[in-house]
Each structure stands twice: as structure tokens, then as C-alpha cells.
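Here is a short report on one protein chain. Look at its surface first, then at the fold behind it.

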Amino acid sequence: MPSFTLIWLLAGSVLCLTELFLPSAFVSFMMGISALMVGLLSYLGIGNLWIQVTAWLLFSTILIILSRRFLQPRRRKSKIQDAVIAETLTEILPGQVGRVLYQGNSWRAKCDDDKISLPPQQTVYVVRREGVVSRGEAFGR
């Protein structure tokens, strides 16, 4: 039975290097790491070709799922890069929530400065959004 160690090591190296030139959100890199792991198993004499292919598929799947879980950025709060202009629909009292017209929709908003109140039809800047409730913060112009 031929040894597939060299083939696994070459395939793993090629897949890892592919990530440098064709970014694939770490998919090819994780598949390359899996191939290198199977190359090590092959070197130790573990399994025939079908067991090695199955191990490669299993390792690849597990590593891709783990990389998505730990490397994907969390998007609970989003900071708006450039402040976007909005208009207050209701008065927003200090520390209270009101409504603003933002990107054509009515959003709940809270004033960033807890010492001033914003009257209706006031032009404001939306500086942050939080959660799925579309809660934003704004401060007067």
C-alpha cells in the first residue's frame, strides 16, 4: 500500500498558501491545516486512504465551524463610521427615548448628551446603533 504522507503534506501546504492569494475566509487555510494533520496521521501509519479522506473531511468541517465561531466579528453594537444626519420626529428629553427619521424610517433614539433636550424637527447626527430595536443615539447640531 503506497504512503500518502507526502501527498497530504503537499496538499496541505498548497491549500494554506492559497489563502494568501485567494482569500476565502480561512476555508482553504483550515482545509490545509486538516490535510497537514492527516499527513501526520499517515506518517504514523494510521489508516488507509479512505480513513484518511474521511478524517480530512471531518477535521476540515470541525476547523471551519470553529473558525467561524471564534474569528467572526460580533455585531451586537455597530458604530457608524461617519455620522449620518437625521431629524427628530418627537421631542427627546435628557435621558429619555424619542423618535428620529433616519434613512427614511422612524427609529427610537436617545440623546448622547444627558443635559440637553432636542425639540421636534431638529437636525441631529446619528452616531451609534444598538441591538435589533434600532435604538440610536443622536446629538443636536
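## A nonpolar surface patch

Phe26, Phe29, Leu58, Ile62, Leu66, Phe70 and Leu71 make a nonpolar surface patch of about 670 Å². The model is predicted. Helix 3 (residues 49-71) gives the largest share of this patch, with five residues. Phenylalanine 29, one of the patch residues, sits in helix 2 (residues 27-43). Is phenylalanine 29 buried or partly exposed? Its relative accessible area is 30%, so phenylalanine 29 counts as partly exposed.

## The chain as a whole

The chain has three helices and five strands. Along the sequence they run α-α-α-β-β-β-β-β. The chain has 141 residues, and 28% of them are buried. Its accessible surface is about 9,600 Å². Carbon and sulfur atoms hold 64% of that surface. Take the contacts between residues at least 6 apart in sequence: 51% of them link residues at least 24 apart.

## Proline 94

Proline 94 is in the loop between strand 1 (77-88) and strand 2 (97-102). Which residues does proline 94 contact, leaving aside neighbours within four places in sequence? They are Asp114, Lys115, Ile116 and Ser117. Leucine 118 is 24 residues from proline 94 in sequence, and the two C-alpha atoms are 8.3 Å apart.

Two residues from this report are set out below by accessibility.

| Residue | Relative accessibility | Class |
|---|---|---|
| Phenylalanine 29 | 30% | partly exposed |
| Proline 94 | 35% | partly exposed |

Partly exposed covers the range between buried, under 20%, and exposed, over 50%. Proline 94, at 35%, therefore counts as partly exposed.

Conventions: Residues are numbered from 1 along each chain as its sequence is written. This is a predicted model: local features need pLDDT of at least 70, side-chain atom pairs count only at pLDDT 80 or more; totals for chains, interfaces and linings use all residues. Side-chain values use heavy atoms; hydrogens and water are left out. Helices (H or I, at least four residues) and strands (E, at least two) are DSSP runs, numbered from the N terminus. Buried means under 20% relative accessible area, exposed over 50%, partly exposed in between (1.4 Å probe, protein chains only). Contact means heavy atoms within 4.5 Å. Accessible areas come from the Shrake-Rupley method with a 1.4 Å probe; for residues, only the protein chains shown count as cover. Patches are made of residues with over 30% relative accessible area and no salt bridge: like charges are joined within 9 Å, nonpolar side chains (Val, Leu, Ile, Met, Phe, Trp, Tyr) within 5 Å. A salt bridge is a side-chain nitrogen of Lys or Arg within 4 Å of a carboxyl oxygen of Asp or Glu.
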